[in-house]
Amino acid sequence: MSVNRRFFLFGSALAAHAFQSEKPVGTGMIGVGNRGSFLLQGVLRQPNAKVLALCDTKPDRLDKAATAAVRDNPATFADWRRVIESKDVDAVFIATPPYLHSEMAIAAIKAGKNVYCEKPIGVTPAQVRALLDAAKGSGKVFVAGQQLRSQKQLGETVRKIREGVIGDVIMVKAQRHATADLEHDGTSADWYFDVAKSGGYLIEQSVHNLDLCNWAIGAHPSRACGFGAIVMYKNDPPGRTIFDCGSITYDYPGGVKMSFTQNVFHPASMPNGNQYVYVYGTKGAVDLMTGTMYPPGRVSPVVLAPKQQEDQFAHIAAFYDSITKGTPPPVDIKGGATAALTAILGHQAMVQEKVVTWSDLGVEV
Ligand SMILES: NC(=O)c1ccc[n+]([C@@H]2O[C@H](COP(=O)([O-])OP(=O)(O)OC[C@H]3O[C@@H](n4cnc5c(N)ncnc54)[C@H](O)[C@@H]3O)[C@@H](O)[C@H]2O)c1
């Protein structure tokens, strides 16, 4: 390619962005349940977005969303394909149950849409592979809904770890312990407890935590082993196929080890519950969630990144910036795929009760 042609293409891309930023980005939302309605609030606050289409198979949810978005008077659909067929829709949010993400996102990309897809982007290696193949080189923006990547305090802490504040990272200990199971008669119970639909706790929820571990280590694991089971909520709710606890060890390149546990029965009054990511290095350790560094020995902790005001819709704003200004997305398709595959790797290790390697997954990220 000649320099002139390259300049011409670059110039026309900028012109396209400038043009797009003048008119609001036509937006469609597929799935306006708990998360989708929160995303909708964020979309409505963006100066450069207009909600043109809403979709949900549950009429009450659709009505509620249409009321929230009355300013933009969007069309409403029960069939998600109608959103993707809408010519004026440039950006599509997908917040349906996880097993539907890959198929919907692929269809949206093929229709030339920019996509914000909730995590996990897929629950099987095949779903992740198919979405990766569709998104790579599509020329459209893809953002995975791992919004922790847009938190300033976490970003600053990871940057300092990367700069070597604790030397080389050698081990991570992380957990996601909930005080209760998801409500058994709640609005998401129709998919949540079915492992084929949600992927299970590790894939559906801990994907966030595992992504943080990868971010801190600066790599994805090469293999995993572990055990998981239904120990507390046996056949509760009836037909349940997702584990309620699990313990996994991940091995990373260079021998870095990561130990991860999850459960849904950590009493609220008992210490050391909830979620944390402890990152150990050759010169100290970091509590990632609080941005605090602990030097070796009995030395006072050091604040690496103070708690700060975070914009709860920063990830959504970044999605629109990527569309209108061409800025890099905070978590692109590779980031979404890597996080999903890390969770799938751990899940498969628990199910198979043997060491599973990254290459066993058969997906080239
Ligand atoms: N990023 C985050 O922090 C975060 C937080 C919560 C949930 N999530 C993710 O968001 C997704 C949805 O979770 P939720 O808690 O909102 O669940 P939910 O059950 O409240 O919402 C899912 C919605 O999708 C709708 N739906 C199901 N099938 C559909 C179809 N074929 N076409 C159109 N709509 C359909 C349902 O009717 C429901 O309203 C999940 O992937 C979840 O992991 C992400």
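**Core, domains and ligand shell**

In this predicted model, methionine 29 is in contact, beyond its neighbours within four places in sequence, with Gly36, Leu39, Leu40, Val51, Leu54, Cys55, Ala65 and Phe93. Met29 also belongs to the largest nonpolar core, which has 101 residues. Together with Val92, Ala105, Ala216 and Val279, Met29 is among the residues with the most contacts inside this core. Helix 13, spanning residues 333-352, gives the most to the core, contributing ten residues. Because domain 1 (3-148 + 315-332) and domain 2 (149-308 + 341-361) both give residues to the core, it lies between them. In soluble globular proteins, nonpolar side chains tend to be buried together.

The domain assignment of the protein chain gives these two units, domain 1 (3-148 + 315-332) and domain 2 (149-308 + 341-361). Their C-alpha centres lie 27 Å apart. Contact between the domains involves 18 residues of domain 1 and 21 residues of domain 2. On the side of domain 1 that touches domain 2, the elements giving two or more residues are helix 6 (125-135) and helix 12 (314-325). By class, that side of domain 1 has eleven nonpolar, six polar and one charged residues.

The ligand is surrounded by 24 residues, of which the closest are Gly31, Gly33, Asn34, Arg35 and Ser188. Each of domain 1 and domain 2 supplies at least three residues to this shell. Among the elements, helix 2 (residues 34-44) provides the largest share of the shell, three residues. The composition of the shell by class is seven nonpolar, ten polar and seven charged residues.

Key: Residues are numbered from 1 along each chain as its sequence is written. This is a predicted model: local features need pLDDT of at least 70, side-chain atom pairs count only at pLDDT 80 or more; totals for chains, interfaces and linings use all residues. A nonpolar core is a set of buried Ala, Val, Leu, Ile, Met, Phe, Trp, Tyr and Cys residues joined through C-beta atoms within 7 Å. A residue is buried if 20 or more other C-beta atoms lie within 10 Å of its own, exposed if 12 or fewer, and partly exposed in between; C-beta atoms are placed from the backbone. Helices (H or I, at least four residues) and strands (E, at least two) are DSSP runs, numbered from the N terminus. Domain bounds come from an automatic or database domain assignment. Two residues are in contact if their C-beta atoms, placed from the backbone, lie within 7 Å. A residue is near a molecule or strand if its C-beta atom, placed from the backbone, lies within 6 Å of it. Ala, Val, Leu, Ile, Met, Phe, Trp, Tyr, Cys and Pro count as nonpolar, Asp, Glu, Lys and Arg as charged, and the others, Gly among them, as polar.
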